[in-house]
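Subject: Structure handover and findings

Dear colleague,

Please find below the structure that I am handing over to you. My findings follow it, arranged by topic.

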Amino acid sequence: MAQIYVNGEAQDVSLPLTVNELIRQQQVETPEMVSVQVNEEFAEREQWDDIIIKEGDSVDFLYFMGGGSAA
């Protein structure tokens with residue numbers, strides 16, 4: 001087991017692990033609407049199967065919400 005940080009929380013995971021595998025493990029809702037940062041760098045969606053998570057890595061799932069303000 002290895003420790004990584006997901007959205008700031010320490011988690012124990014089995015490595016090797018890709019970004020796509022982590023998304024499935026975390027049961028991320030609407031993965032098509034999420035952006036991913038690994039160690040504060042945005043991960044391109046096309047590379048999620050190729051990016052290998054390493055021990056100590058920090059992964060953040062970012063959800064962008066649309067909307068506006070009422071005036």
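**The sheet**

The model contains an open sheet of 5 strands, ordered β2-β1-β7-β4-β5, with mixed pairing. Its edge strands are β2 and β5 (41-43), each of which pairs on one side only. From one strand to the next, the twist averages 35 degrees; axes here are lines fitted to C-alpha atoms, for helices over the stretch in contact, and angles run from 0 to 180 degrees between N-to-C directions. Strands (E, at least two residues) and helices (H or I, at least four) are DSSP runs numbered from the N terminus, and two strands pair if DSSP finds at least two bridges between them.

This is a predicted model, in which local features need pLDDT of at least 70 and side-chain atom pairs count only at pLDDT 80 or more, while totals for chains, interfaces and linings use all residues. Residues are numbered from 1 along each chain as its sequence is written, and side-chain values use heavy atoms, with hydrogens and water left out.

Strands of a sheet pair through backbone hydrogen bonds, either parallel or antiparallel. Here β1 and β7 run parallel and are joined by 2 bridges; V6 has V59 as its bridge partner in β7. By contrast, β1 and β2 pair in the antiparallel sense over 5 bridges, and the partner of Y5 in β2 is A10. These two strands, β1 and β2, form a hairpin with 2 residues between them.

**Backbone features**

Most residues other than glycine have a negative phi, and most peptide bonds are trans.

The peptide bond that joins L15 and P16 is cis, with omega about 5 degrees. P16 is located in the loop between β2 (9-13) and β3 (17-18).

**The nonpolar core**

A nonpolar core is a set of buried Ala, Val, Leu, Ile, Met, Phe, Trp, Tyr and Cys residues joined through side-chain atoms within 4.5 Å. The largest such core has 16 residues, and V36 and F61 have the most contacts inside it. At least two residues of this core come from each of β1 (2-6), α1 (19-25), β4 (34-38) and β7. Neighbours within four places in sequence aside, the residues in contact with F61 (heavy atoms within 4.5 Å) include V6, L22, I23, V28, V34 and V36.

**D57**

D57 is found in the loop between β6 (52-53) and β7 (58-63). Is D57 buried or exposed? D57 is buried, because its relative accessible area is 7%. Its contacts, apart from neighbours within four places in sequence, are I4, Y5, V38, N39 and I52. D57 and N39 are 18 residues apart in sequence, yet their C-alpha atoms are 6.0 Å apart in space. The side chain of D57 also reaches the backbone nitrogen of K54 at 2.8 Å.

With kind regards

How values were computed
Buried means under 20% relative accessible area, exposed over 50%, partly exposed in between (1.4 Å probe, protein chains only). A polar contact is a pair of N or O atoms within 3.5 Å; within protein, one must be able to donate a hydrogen and the other to accept it, and residues adjacent in sequence count only if both atoms are side-chain atoms.
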